[in-house]
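Thank you all for making the time this morning.

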Amino acid sequence: MSGTTLTGARERRVRTGGIELCVVELGETDRPTVVLVHGYPDSKEVWSEVAERLAARFHVVLYDVRGHGRSQAPQPLRGGFTLEKLTDDFLAVADAVSPDRPVHLVGHDWGSVQGWEFATVRRTEGRIASFTSISGPSLDHFGHWIKQRMTRPTPRRAAQLLGQGARSWYVYLLHTPVLPELAWRGPLGKQWPRLLERGEKIPVGSYPTASLPSDAAHGAWLYRDNVRPRLRRPRTDASAHVPVQLITPTGDSFLSERLYDGLERWAPQLLRRTLPARHWVPRTRPDQVAGWVTEFVTATEEPGPAPEPAGTGRYADRFGGQLVLVTGAASGIGRATAFAFAEAGARVVAVDRDAAGAARTADMARLIGAPEAWGECVDVSDEQAMEKLAAKVAAEYGIVDVLVNNAGTGLSGSFLDTTTEDWKKVLDVNLWGVIHGCRIFGRQMAERNQGGHIVNTASAAAYLPSRTLPAYSTSKAAVLMLSECLRAELAPKSIGVSAICPGIVNTNITATTRFAGVDEAEEKRLQERSSRLYGLRNFPPEKVAEAIVEAVVHDRAVVPVTPEAKGARWLARFAPGALRALARREPRL
């Protein structure tokens, strides 16, 4: 079909207000209808990747907003783009594609601005079943937000007002006469795809379409016809009469997260989501957007209370529905980490050599809050097994959003007592296991081109020299440097990499740590002694898991955990001689 790249799309024309709108449909018409409304300066093609993912479950409808894409522009342009007329257009499309059932509305940017209008005016009641808002506030809510900060100023509110004012620089320019049209039909229209590629990491391809200069020129009237009138006199009855899902990209250059403070006043049935992405998430995060829309629409279609995230933890809005894979998840830090992400509503894959332990972790993760969880038995040092695991996970569960390479083994003993076989065993798990995970799952993340995060569990031993841990410390130092290198390499793909460096944590690693150069009885004694000491220290693995979640949320590079790990990190940077002196001391065993 000309004008789109959507497989199996069906085009129709809908007449409204003296113009014709270009409408495209995908999927079976007897399923719930999802209407996708694009923003500025886009056309319906901005939704193509999301639409194709939704079409397997829903009747998906996209239309070019008047004056955009293959829809006609009103004449004259002035006064032809008011929210009232845009609401007429939406109702005409909804009546044409779903005359007997309410539709589920999804809007991005100005599509979301329109969506807030549709979801709050009385004449659309009964025609909308739910609304998903992405990167576009209600102009009425925005107007009240501004008035509140101007009539009751505080330093914080003033900063918020100034901050959003700076982000809205383009709005002022779009109100100038003629200049926006000349820019879009001239150099800006030609450079826009490259600007999106550079600033938003959107690859140049079938989007944006050739109609961009005309779309952007016409779309300037969206701002001119609506922004100043609504901000000056915002409606006082702008409460949503449908369940609302708010998806907020945390890296949006145009809209502050603070714009949505107090939104519960206007949307009583509100579900919040956050996403580590920039503004154009329909292009950069189509999997996540489609997944959240699917979850929200499905929950809304089912009778009962308003849908809520599966998890109830602090970051349920951030990780709800995301896929998190944790190695070494049968116990200790791995199990605690799986539980932490489960509490945040993530889907969890618990991986360990201990099949029963991995299964138990998955069972508990579901009880804690994970909508889905699976246990997988894999030795991370086995490259072929890891390849098979990655293929299975991708085929059955999806591409991993967060990878936690946590599996590890302990080895103590002097360098001269450590055999080649000892070195091989500890490096196979602690280093090669991390390399396999980063390479195999990291490649899948990079090829998907929708971002992600990799967490590698290193140790304070990575920067703390020790005469009794040469092999273990070397393996963890390598993991730390690998993480730093990957962080630099994968940053252009929006994939974060964090190295977690715990100190003395109360886990069962001490019970399985091997001691080089001693007999079996002495090794048993040393394991028991180490376990007692770690137990007395009693730093819980749950605090490490919390640090891991925080590292992903805030994209932290190196995270020392426990006071001794933080102290050693400081000494390594500012007083390395002190650490070397401590390393020479012979430990008491």
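Which residue stands opposite Leu275 in β8? That residue is Pro249, and the two strands concerned, β7 (residues 244-249) and β8, pair in the parallel sense over six bridges. Two strands pair if DSSP finds at least two bridges between them, while helices (H or I, at least four residues) and strands (E, at least two) are DSSP runs, numbered from the N terminus.

Before going on, please note that this is a predicted model, in which local features need pLDDT of at least 70 and side-chain atom pairs count only at pLDDT 80 or more, while totals for chains, interfaces and linings use all residues. Residues are numbered from 1 along each chain as its sequence is written, and side-chain values use heavy atoms, with hydrogens and water left out.

Now the sheet: it is open, has eight strands in the order β1-β2-β4-β3-β5-β6-β7-β8, and its pairing is mixed. Because β1 (10-16) and β8 (270-275) stand at the edges with a single partner strand each, one side of each is left without a neighbour in the sheet.

Helix α11 (residues 286-301) lies across β3, β5, β6, β7 and β8, running at about 155 degrees to β6; axes are lines fitted to C-alpha atoms, for helices over the stretch in contact (heavy atoms within 4.5 Å), and angles run from 0 to 180 degrees between N-to-C directions.
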